[in-house]
There are 2 protein chains.
Amino acid sequence: MSPAGRPRTFDMEAALQAAMLLFWEQGYEATSLAQLREATGLSSASLYGAFGSKEGLFEKAVEHYIAGPGSVTDVVADETVSPREAVARLLHGSISMQTDTSHPRGCLVALSGTVRAPGAGEAGVRKVVAARRAADRAHIRACVVRGVTSGELAEDTDVNGVTSMIHGFLLGISTQVCDGTSAGHLHAAADAVLANWDARGR
Amino acid sequence: MSPAGRPRTFDMEAALQAAMLLFWEQGYEATSLAQLREATGLSSASLYGAFGSKEGLFEKAVEHYIAGPGSVTDVVADETVSPREAVARLLHGSISMQTDTSHPRGCLVALSGTVRAPGAGEAGVRKVVAARRAADRAHIRACVVRGVTSGELAEDTDVNGVTSMIHGFLLGISTQVCDGTSAGHLHAAADAVLANWDARGR
DNA sequence: TCAATATCGGATCGTTCAATCCATAATTAA
DNA sequence: TTAATTATGGATTGAACGATCCGATATTGA
């Protein structure tokens with residue numbers, strides 16, 4: 001049943017897509033409501049009626065990102081493939097997505113909310129992206145654990161160490177892409193990380 | 001010979017230190033001039049007289065950072081030590097510095113200027129930190145090349161790939177530290193990267 | 001048919017932003 | 001001394017900020 005009141009006329013998906021691209025390109029702080037209004041074609045009233053605040057819009061835009069381009073990292077949570085294969089797809093897939101020229105460079109989740117600002121709104125911005133980063137890390141760690149139990153990795157493998165190595169490289173991809181490092185070099189780097197995985201087999 | 005005119009009464013080093021800590025903690029965009037005025041104890045006139053603009057102050061603060069805490073990465077440019085040793089000191093030194101609780105977490109250079117903003121000032125902010133990142137990368141690459149020529153690394157080593165792996169991990173340290181990853185896990189991760197280096201020997 | 005509800009465009013809110021101006025003070029060069 | 005130059009504190013600028021208000025409009029449930 002439709003809710004009472006005048007129905008919304010704008011396309012929510014299109015608005016979130018436009019907002020996502022803007023936040024992705026410029027970051028949360030540097031993106032103004034005036035820009036968001038122009039990009040989405042919405043008035044302040046519509047924007048605030050639908051999302052409550054700039055921070056609320058950012059959260060929804062991040063969710064849209066995670067469901068869209070950011071979904072490339074979902075493969076690492078797939079336990080039906082071997083842990084090495086999952087990590088390989090995670091790294092190579094992330095590189096391909098982040099260097100795709102049809103949208104802004106890098107990863108919105110990796111680049112946002114990495115500094116602490118005093119405003120209350122900042123904490124919320126930080127929380128939503130940090131949560132996704134923590135989830136990715138947890139999935140990587142689960143892969144490493146699976147690798148050890150399956151025998152792909154040595155028994156004495158430092159799980160947290162290998163996890164931090166892979167996750168660190170993953171996070172560093174974004175900055176490198178922003179600085180212009182080529183996809184080819186990054187794919188080779190991912191192979192180097194995976195070679196490390198192989199070298200740790202018993 | 002002293003320059004003509006009324007001499008400056010404030011401590012330039014102290015002012016840059018205060019500004020550096022603020023930019024480090026909050027990032028360029030989220031740091032306001034009012035905060036910078038309070039932290040440095042200077043008036044707008046003194047600030048603008050000495051640095052010209054917020055962007056100019058940021059550039060000087062970054063130089064102060066590079067000469068101070070950021071100097072830990074200088075070791076990778078030291079050609080008197082073996083390339084593996086240089087990379088080892090780079091990674092472990094960076095982790096120790098970034099997790100030191102006597103100052104903000106992470107690396108100011110790695111966390112700043114990773115997004116493109118439309119304003120003209122943004123380009124300048126981006127330039128100064130991106131230049132340092134490029135320099136670090138070049139030094140890492142030189143180490144990898146030295147490793148190949150010295151025989152530490154195999155002749156068929158993908159130089160750009162290994163460089164991107166090491167640099168990517170280095171850049172990713174900052175985000176991990178901001179998210180609370182422990183120094184211990186990161187040191188173990190650095191060892192994993194270095195183990196990769198060793199495994200690539202011929 | 002009508003009250004209640006929710007969205008719309010657009011004007012507008014008070015605040016904060018980076019930056020500038022001004023009168024005064026302190027120094028050097030002539 | 002005097003003129004030129006630079007730094008100082010403090011008031012102030014116009015613009016941009018995020019957010020809200022308002023009258024008009026469109027829909028639902030009674």
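A:Phe58 is buried, with a relative accessible area of 0%; buried here means under 20% relative accessible area, exposed over 50% and partly exposed in between, for a 1.4 Å probe and protein chains only. The model is predicted, so local features need pLDDT of at least 70 and side-chain atom pairs count only at pLDDT 80 or more, whereas totals for chains, interfaces and linings use all residues. Side-chain values use heavy atoms, without hydrogens and water, residues are numbered from 1 along each chain as its sequence is written, and chains are lettered from A in the order in which they are written.

Rings of Phe, Tyr and Trp (its six-membered ring) pair if their centres lie within 6.5 Å; planes under 30 degrees apart count as stacked, over 60 as edge-to-face and the rest as tilted. By this rule, there are 8 aromatic pairs over all chains. One of them is stacked: A:Phe23 and A:Tyr28, at 5.9 Å centre to centre with 20° between the planes. A:Phe23 is buried at 1% relative accessible area, and A:Tyr28 is buried at 11%.

A:Phe23 also meets A:Phe58, with ring centres 5.0 Å apart and planes at 85°, so this pair is edge-to-face. The pair links distant parts of the chain, 35 residues apart: A:Phe23 belongs to helix α1 (residues 12–26) and A:Phe58 to helix α4 (residues 54–67) of chain A. Helices here are DSSP runs of H or I with at least four residues, numbered from the N terminus. Together, A:Phe23, A:Tyr28 and A:Phe58 form one aromatic cluster.

Definitions and conventions: Helices (H or I, at least four residues) and strands (E, at least two) are DSSP runs, numbered from the N terminus.
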